[in-house]
Amino acid sequence: MAREILRRLRSWEGLLLVVLLVILAYNITRVPNFLTIGNQVNLFQLGIEKAIVVLIMTFVIISGEIDLSVASMMGLSAAVAAAVFEAGAPMPVAILVALGVGAGFGLLNGYFVAVVGLSSLAVTLAGYVGFRGLARLLVQDRSVGGFPEWFTNLGQRGLVGPLTLSILIFAVLAVIASVVLHRSGLGRLTYVIGNSAQVARYSGVSVARTKMIIFTMSGLISALAGVLMAARLGAVRASTAEGFELDIITVVLLGGVSIFGGVGSMIGVLLSTYLVLNLRNGLIIAGITGNTQTGIIGLLLILSVLVPNLAGRVQDRLRRRQVDPSMRAPPSGAAEPTRSQAAPG
Amino acid sequence: MGERGIGCVLVPTVLSWRPSEINTTDRVPTAGSWLPGFGTGDANGMIQPATERRLDDEVVATGEEFPVLKMEHVSKQFGATLALDDVSLALRRGEIHALLGENGAGKSTLIKIMTGIQTQDSGEIRIDGKPVRVTSSQDAQRLGVAAIYQEPMIFPDLSVAENIFIGHRNRGKLVDRRGMEREAAEVLARLDVTLDVGEPARGLTLAEQQTVEIAKAISLDVRVLIMDEPTASLSAHEVQQLFRIVHTLRQQGVAILFISHRMEEVFEIADRVTILRDGRWISTTPRAELTPGSAIRQMVGREVQELFRRSRREPGAVLLAVRGLCREGVFQDVSFDLRAGEVLGFAGLVGAGRTDMALALFGISPADAGEIELEGSRVTITNPRDAMALGIAYSTEDRRQLGLVMPLSIAANISLPSLPRFLSPSGMVRRAEERDAAEAFRERLSIRAPSVETPTSSLSGGNQQKVVISKWLETNPKVLILDEPTRGIDVGAKVEVHQLIDDLAARGMAIILISSDLPEVLAMSDRVLVMREGRQMAIFDHHEATQERVLSAAMGQFGDILPEGDGIDRIAAAEAITAIDRLVAGGRLVDGERQ
Amino acid sequence: MSDAILRRVRPEQFREFILLFVTVGLLLFFASQIPNYFDPRSVNRLTTGLAITLVVAVGQVLVVLTRNIDLSVSSMVGLTAYVVGTILTRVEGMHPLVAAALAMAIGLALGAINGLIVAYGKVPAIIATLGTLALYRVVLVEFSGAKTVTTADLPDWLNDVPSATLASAGGYDLRLMVGIALLVAILGQLTLRYLPFGRRLYAIGSNPEAARTAGLPVQRDVFTAFALSGTLSGLAGFMFLVRFGNITVTAAQGLELQVVAAVVVGGVNIFGGSGSMVGALLGVLMIETLQQSLLRWAGISEFVKDAILGLLILVAVTADTIILGRLREMWVRVRRRDHARAQVAIADEGGVAHGA
Amino acid sequence: MNVNVKTRRFLTGVMCAGLLAANIGGVTLAQTPVAGSPVAGEAVTAEPGQDVKMMLLPKFLGILPFDQANQGAQEAAEELGNPTPFDFVGPTAENSVAGQIEFVTNAPAGGYDVVMLSNNSGDQIVPSAVAAQEAGTRVVTWDSPIPTGEGESLFVAQVDFDETGQVMADMALSILGEDGGQFAILSASPDAANQNAWIAAMESALEDPKYDNLELLEIVYGDDQSERSYEQAQALISKHPDMELIMAPTSVGIVSAAKAVQDEGLCDEIKVSGLGVPAEMLEYTQNGCAPEFALWSFVDLGYLTYYVSYLLATGAIEGVEGETFVAGRLGEYEITKDPTRPDVDALRVLMGPFTVYNIDNVEEAAG
């Protein structure tokens, strides 16, 4: 049992847990009311849309692809909801249209990646520019607000106790995403495709269908996050959620998901989500400026891979033996990846 | 658009040759005659002991009494496993030294230590008698030690010439493309090979890539060349070409460490044989003093039959009928019947279109003309799911890249093609059922693994192959296509796979066996279909199928000797076959080719 | 496309032509929409505009060839531009070449850090450079103390550089900056083609494991590629300073995506091993043409432009991929046929010899 | 750098124009306090030395105007002897909106008494500002207000926004002359609330027949990035051969546009104007590329904002309409309703005034 715990601790998730505990300890000692429910809710609230998109991005990256268009999609769905609402439709209709647009464009991304066979980097780069452009087209230079109160309340006020709708949605989606990724057929196929789309194809798996499902979900969830963001902020501008994609991808990678696909766990990603939220919260409360926050997270990203690598090497040198193969290596090897990467398509 | 490719519209010049149409003299081959080198002995082989002696004498005369490379009491431990336990080995100048052992015997570790990829925990490496430290590939290169592997370490985006010279230092400050290509051509000429040296390596066949690797080693003035299963992916013809090169090298004084699972190759080519088992040195014996049987006994530590003999029985009704199947520019006009309980062997050179044909049947790259009938009704197959729904399964030749999701467990790999059956209504994987199914296969196929949750990456080649076959058996196929099922797996596992094929056929499964291991095809098949250049050359009944005939068909000599035309003249055909047989009898066909 | 041509040239070599074809198509389209599109001034502006991106893209190609990526380029450009700008405002009479050398030295240092982390620290490039993308920007913000570098503070010669012209024909200028960028691209192409280092970059990206077993100095080469990417980003930073003069902490932000897009569009395989500077040049040309032309397209609203840009990127990439795919299919077919024929020929030859 | 003195000196002309235009525009400037002039009622004076934890939160860090505001606030902080130094923090430029919301949301947890906010998040900041107020943290906006005024204690306005539009229109007229001509606007981002307000004010000012000969071609956006603004300016030059003026109401945009015009060698044909920092514009004003531009003192703005916030946090003023106070060297101010946000219930303190810079005064202002 003790050995099992030790093994877990030496895994990627274990490392994240240790870092998280350090940050928590630091925050608790430095920030008087850090552990209050209010602050914890705040902490989630501020990054909740990113946290939601992180869940689906985990699937995208494990399947060996990337979706750069998520943040633009958040902006677009918010803009669509606002524009439809402004045009006189009731808010629920506006929300449905926004979600539909998200799913539709997600499907389109998936189609170009999975069926036409373009690189997802290129396709979603086009989406990154194009969706933002559509949002801009809809909202132009205005700020659209005046949403019904129930809608903004959903984003701002606690629904169950202090927990807002977004937090509840995140919690539910996190559970669903964990179960789907680790227990369902779709999750299994996500890993299979991420490891080798060829093996999947030679096993009769419809790679295209699976990828299209994942990209459609990515569009849909991003759209949902966009709508939730509109509710939280109470107003929509074309620049809503601009630049979120890098934050989202950073959290996923920090969670131990390999950018080359096939490797990663939802636990790791959830830990890294909580870790980053905590870190930002602590830094902001400590009065650290935005650039430095980003820099610290960047540094953490590098160190989290670098330190275990270096430690491993030192350990190696000390023992002059190969590392116990049961110890799972963190995602590494982009410099000299041992696994050949099948380019999509 | 210029001339059209060899389209299916062109006049089929293929001879549809069914066994019933030919009346030949019964030539049941003996085991010895299929296995080059076994029965024929030195007289027919290329090994000339005289040369060997002379080389050794020279060595003594120049006072170089030390072996080129000597490993003394080398041990290496990984975690709890002792991969090498006090192994000693000496390679002499101009010697072909075979290294035998089952998977996990420590061969790979030994090679990795020699080439500096890993470092021994204890023991010593000596080159020319002087102890050296080999801690990196560069060290090994400097010391004149090079290795080529089963999967060639080729740079697909670079040209052939660049592949040969990329590792060279001191080739001047600038890349002299012309000079390099000229020298590359020279090196290749030394191997008696012509390749377009400016062409990117991506387009080369495996055999050609291997040649490039050898050329790379030679260009570095290699003194010790390690060949790790170089023949595993080669056709018989290509193997002979490779051996010719190996002999050339040997005559130039290179020490060669040769590793192969094919016993007949080892006995054909090696001067001395070292056997490892469980990380320990068992013996080093001159080839002449060793028999295949004793070698296998030493490797396995028990008696094992060398080659499986099938139980022959009458096949059932026609299950799969293929008529005039085509894929433009790849293969054309393939027609055959496959009966329940029958094993149909596919023989031919690598690249003859056998795998493409299988891929068409499995829907990976669908045929663009021709008919497929399954159990009497016509079917269309446009993707693997169509094929699977019809009960066709295809076990790939490339289990690493196409067969297994390496990091996933045995259970997950086995359930993959039939995943929908393991899902609950809510789409969850029913883990218990999955495990049970995998467990059943683990027992039935004796997959050696701690549990079905073990990642397949940690299995040996043979056990990986069993997992690949299991995953297709789990789909309950009617037709099972096995593409190179025994490539690169050890003797014990090979026999088990053969046993399994026989067993499956006995239960009424129709099996297509694609193999470049000719003795295997001949031993296992009820009938043998030979392909060449994308065309079906012949189908032989198993009692007609001799190594020579199949080889001749595969290499196109039937086409030359047999009269053309629709109606095949039986007498002429029979005469032709006799002629071939006569030719073959004079010496080994492929050897004669270049002499 | 006749078989004879396909025998000689690989589809990848057509790639540049396809790109050129698509780009020319775009140019003609915009020429029909934008008045005076091809007049000397417009052309001069457009070519000057792509100089900086091109220099960075050349560095990026070196890195991408090795199956890595450098996302930190924009921060390196910004940081270098700012630091050199600040130094120029404080140090009187610094020679332009010294300033350029300084910029490249700073870039080299930053690139070397990336290289160390990736090649020797074995951190995946995307993680390492995503990190330094943020870190270098932080250094810039901290260093700047929220000041901006302005043209007024800079020496006069700096202001003359952007319009400095190397050669001119009928009003069409070859501006110094464009000349430098082209020179860098040509040097890059020569490096890739004629230096052992360049060939090794292809080898490493083509098959990293084989590169290691072949005893190639993989770590050193990957390190060098990153260092060079940094150095070129430094040079680009200097050009940035010269061209825009006013440097804030946001300088060059977002450039990394533009460069990666240009490189990907230019046919450099994002998984390493294949691609050329010519491709990168065309990629930059296409992306910049798209962006710059959209800015000048009077017929459409400011708010539609990004949407159109996204669509055009998608169209261009799709067209390129589909055309290339077709060609590759034809190529494979021809090669296979030839190969099969050759094999048979060899076998036949042997047979005949034997029979004789 | 102290622009204060000059600011006063060149006040008159601009103010006259401003008053005129404001009246025409139907907005009364009656409440506009002129700095230093006495205001009715008893002006509150700050009691120094009190401990107030404050945050100065600009749109983002790294551009000169915000740094000048920081200098001004520092100056005020020293005068008032607040033992706790304020935090000058900001989000990254690309994460400005979300980053500001994060800072405001977390401010109560960080124990801040006041957040001094140059709002870049439009109404999206409202929920977090309201929450901060509820948790006892005052939110004082400066430079850029919260459009609806919700969650905002009061707004320290640099100048009257309508006046900005007027000044821009006048500068355009003075550069293009009576014959008029074509001009284009190079703004920051389409979401920049200040710029949008100023441009709107300018457009309504242009409706006056006096400006009939001025033709506004289009509005483009440079996202407050030098390179983007430069390219936009170049594109404008290509697109509109007859354009004679680029009006850039953003300090980044105006220098970039001036540089673009200068690099094209077109300073004689195309002029640049707008809002710019003298130190950055000196060269272009001297060489005639940008003969006229305007700005207020960001140093003073920071100084005043600090004073107001300090007074508010210490309870010296309550932040209601009609209160007057003394802001150190800047003199007395009154809290009034914000006339530029007539639809909502918002308060402001108007700093003023504008300074128009030209060849005569720019060198002195640049310091």
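Two strands are taken to pair if DSSP finds at least two bridges between them. In this predicted model, strand β6 of chain D, residues 181-187, is joined by 4 bridges to strand β8 of chain D, residues 243-248, and the two run parallel. One of the residues involved is Gln182(D), whose bridge partner in β8(D) is Met243(D).

This pair belongs to an open sheet of 4 strands in chain D, in which the order is β7-β6-β8-β9 and the pairing is parallel. Because β7 (214-221) and β9 (271-274) of chain D each have a single partner strand, they stand at the edges, and one side of each is left without a neighbour in the sheet. From one strand to the next, the twist averages 25°.

Helices of chain D lie across these strands. Helix α6 of chain D, formed by residues 161-176, lies across β6, β7, β8 and β9 of chain D and runs at about 155° to β8(D), while helix α9 of chain D, formed by residues 251-263, lies across β6, β8 and β9 of chain D and runs at about 175° to β9(D).

Elsewhere in the model, chains A and C meet, with 47 residues of chain A in contact with 47 residues of chain C. On the side of chain A that touches chain C, the elements that give two or more residues are α5 (91-116), α6 (120-139), α12 (244-254) and α14 (290-319) of chain A, and the largest share, 14 residues, comes from α6(A). By residue class, this side of chain A divides into 27 nonpolar, 17 polar and 3 charged residues.

Methods
Residues are numbered from 1 along each chain as its sequence is written. Chains are lettered from A and ligands numbered from 1 in the order in which they are written. This is a predicted model: local features need pLDDT of at least 70, side-chain atom pairs count only at pLDDT 80 or more; totals for chains, interfaces and linings use all residues. Axes are lines fitted to C-alpha atoms, for helices over the stretch in contact, and angles run from 0 to 180 degrees between N-to-C directions. Two residues are in contact if their C-beta atoms, placed from the backbone, lie within 7 Å. Ala, Val, Leu, Ile, Met, Phe, Trp, Tyr, Cys and Pro count as nonpolar, Asp, Glu, Lys and Arg as charged, and the others, Gly among them, as polar.
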